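Colleague: I'd like to learn how to read the nonpolar parts of a model. Could you walk me through one?

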Amino acid sequence: FSPFTKVITSVCEKKKKKKSRSAKEDDVCGVVSLTDDFYLKMGLHASCCGISCDMFITRESRGSDYFDLASMRYLSTQSGGKIFYYASLEECNAPQDLFGTLSEPYAINGTFRIRTTSEFQISKSYGQLVEHHKYKNLYHVAACDKSTCFGFDFKFSSSGFSRDPELSPAIQLAFQYSLFEPAEEEEEGAGAAAAAAAAAAAGEPKQKPAHVMKQRLRIYTIQVPVAKSVLDLYDYVDARAVVALLVHKCGQVIFDKGLEEARSLVEDWVINLMGEYTTHLNRRLLAAGDKVVDPDVEFKECKALDSVPYYVYGMLRGDVFSRRCISENADKWVYLFCAYTSNPPKDIVHAFYPALSIYSENRVYRKNPLSRDFLKETGGNVYMVDTFFKVVVYYTREGQAAVEFPPPHDGIIRRDIGHIRMSRGTAPLVVFLREGIDDPRLFEDLLLEEAAKAGSGSPADYGFGPFMDVMRTEVQAFLEEEAS
């Protein structure tokens with residue numbers, strides 16, 4: 001709790017430069033804001049009626065089609081539905097997404113409640129759920145499936161947690177919902193049994209059992225130990241969940257204050273996180289009056305946090321903070337924001353910093369840097385990049401001679417692609433490229449550690465190495481300010 005709460009709070013309270021929003025910033029943010037409450041009211045009404053609305057939006061071409069998804073999205077988000085957006089007919093995956101949506105079990109009319117011990121309480125919720133107007137910590141969930149994700153912020157309601165192991169803080173999640181399932185024989189009743197017997201006597205084929213509405217209640221209770229120190233707490237952080245919550249927080253800032261303020265907030269947040277971590281890591285050194293010469297901005301001593309700089313870097317480089325993306329295609333930006341704030345963190349982080357797998361000589365190397373220099377040094381036959389929305393498979397010249405193209409269905413590449421598709425709520429578009437034959441720009445644009453082709457005003461525009469150098473300089477300034 002304490003380090004991240006302190007970091008986020010310090011970013012908000014220690015803001016030195018307050019930038020006024022320009023007319024251009026207002027115009028850009030106004031495009032992605034609610035302009036008509038018709039769909040909002042319809043979404044709320046559908047939720048009350050137990051109706052979930054999914055939206056499938058396909059542009060005829062990469063032209064200037066505009067649907068005002070900023071207003072239409074509420075029809076799905078308020079009713080627990082999903083939004084699927086396709087940039088063109090060539091990239092349309094609607095059949096696969098529709099099949100996945102209809103084949104997965106769906107919970108509807110859900111009631112979600114969280115109970116905690118007296119030391120802490122919920123301060124804010126995120127996701128497609130609505131807090132009850134009368135009862136605290138009780139939420140209504142219109143509909144959800146296995147890929148739906150919610151987030152919660154907690155705050156202390158007392159001086160802190162007890163050190164007594166028998167009084168460890170606990171949290172209980174209770175989820176009650178309705179589900180359509182095939183009726184079992186004993187549930188069909190005497191009337192259904194008599195009808196089946198009459199049909200059998202008349203020689204008619206036996207009908208399949210009807211689906212019935214069932215009620216489910218799932219309760220999950222967990223008691224967690226209290227960290228012995230702040231560094232101990234850092235070791236148990238889920239970096240993916242932290243970044244997912246950061247996106248939720250940035251969304252409100254973007255709508256209220258603009259992209260520049262949100263980007264500055266994220267940069268200050270990661271600088272404060274690195275500074276606080278370095279302070280706790282070198283507490284004895286600083287207490288003796290010495291200075292930290294080389295702050296650990298890469299979190300080499302903390303495996304749980306070592307991926308945070310990559311995720312934040314990718315976030316700053318991506319479309320979330322891109323004024324150009326909003327200006328050129330506001331519907332796409334709204335769709336991306338909805339996807340980032342509704343899917344599980346384990347999947348969304350691939351949209352910020354894609355996962356690169358290298359296939360070489362019957363071996364697979366996972367989690368590789370998205371660097372052109374790294375690829376030249378290591379070499380490989382086939383590269384696969386998972387960006388959550390797309391899976392790009394790139395065959396090098398050596399790979400075309402050594403590996404069958406396209407990859408066979410019983411091969412490891414196909415198995416990995418199938419595993420990705422099965423674990424996602426949205427079917428990614430799969431693209432196969434060959435060096436020297438197909439246009440390599442789609443693959444090269446995914447090498448995020450290189451300098452950006454178009455600047456956005458962030459240190460991340462110059463590449464990952466220069467970005468970390470700027471972070472190291474800023475953390476040094478943070479430590480000097482804290483010492484003074």
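Modeller: Gladly! A nonpolar core is a set of buried Ala, Val, Leu, Ile, Met, Phe, Trp, Tyr and Cys residues joined through side-chain atoms within 4.5 Å. Keep in mind that this is a predicted model.

Colleague: How many residues has the largest nonpolar core here, and which have the most contacts inside it?

Modeller: In general, nonpolar side chains tend to be buried together in soluble globular proteins. Here the largest nonpolar core has 79 residues. Leu69, Trp269, Met274, Phe321, Tyr340, Phe352 and Phe443 have the most contacts inside this core. Helix 9, spanning residues 259–281, gives the most to it, with 10 residues. There is also a second, separate core of 13 residues, including Ile114 and Tyr139.

Colleague: What does Met274 touch?

Modeller: Leaving out residues up to four places away in sequence, Met274 touches Val297, Phe299, Pro309, Met468, Met471 and Val475. The backbone oxygen of Met274 is also reached by the side chain of Thr278, at 2.8 Å.

Colleague: Is Thr278 buried or exposed?

Modeller: Buried means under 20% relative accessible area. Thr278 is at 0%, so it counts as buried.

Colleague: Which residues form a nonpolar patch on the surface?

Modeller: Phe56, Leu98 and Leu102 do, with about 290 Å² of accessible area together. Phe56 sits in strand 1, residues 55–58. Its relative accessible area is 33%, so Phe56 is partly exposed.

How values were computed
Residues are numbered from 1 along each chain as its sequence is written. This is a predicted model: local features need pLDDT of at least 70, side-chain atom pairs count only at pLDDT 80 or more; totals for chains, interfaces and linings use all residues. Side-chain values use heavy atoms; hydrogens and water are left out. Patches are made of residues with over 30% relative accessible area and no salt bridge: like charges are joined within 9 Å, nonpolar side chains (Val, Leu, Ile, Met, Phe, Trp, Tyr) within 5 Å. Accessible areas come from the Shrake-Rupley method with a 1.4 Å probe; for residues, only the protein chains shown count as cover. A salt bridge is a side-chain nitrogen of Lys or Arg within 4 Å of a carboxyl oxygen of Asp or Glu. Helices (H or I, at least four residues) and strands (E, at least two) are DSSP runs, numbered from the N terminus. Buried means under 20% relative accessible area, exposed over 50%, partly exposed in between (1.4 Å probe, protein chains only). Contact means heavy atoms within 4.5 Å. A polar contact is a pair of N or O atoms within 3.5 Å; within protein, one must be able to donate a hydrogen and the other to accept it, and residues adjacent in sequence count only if both atoms are side-chain atoms.
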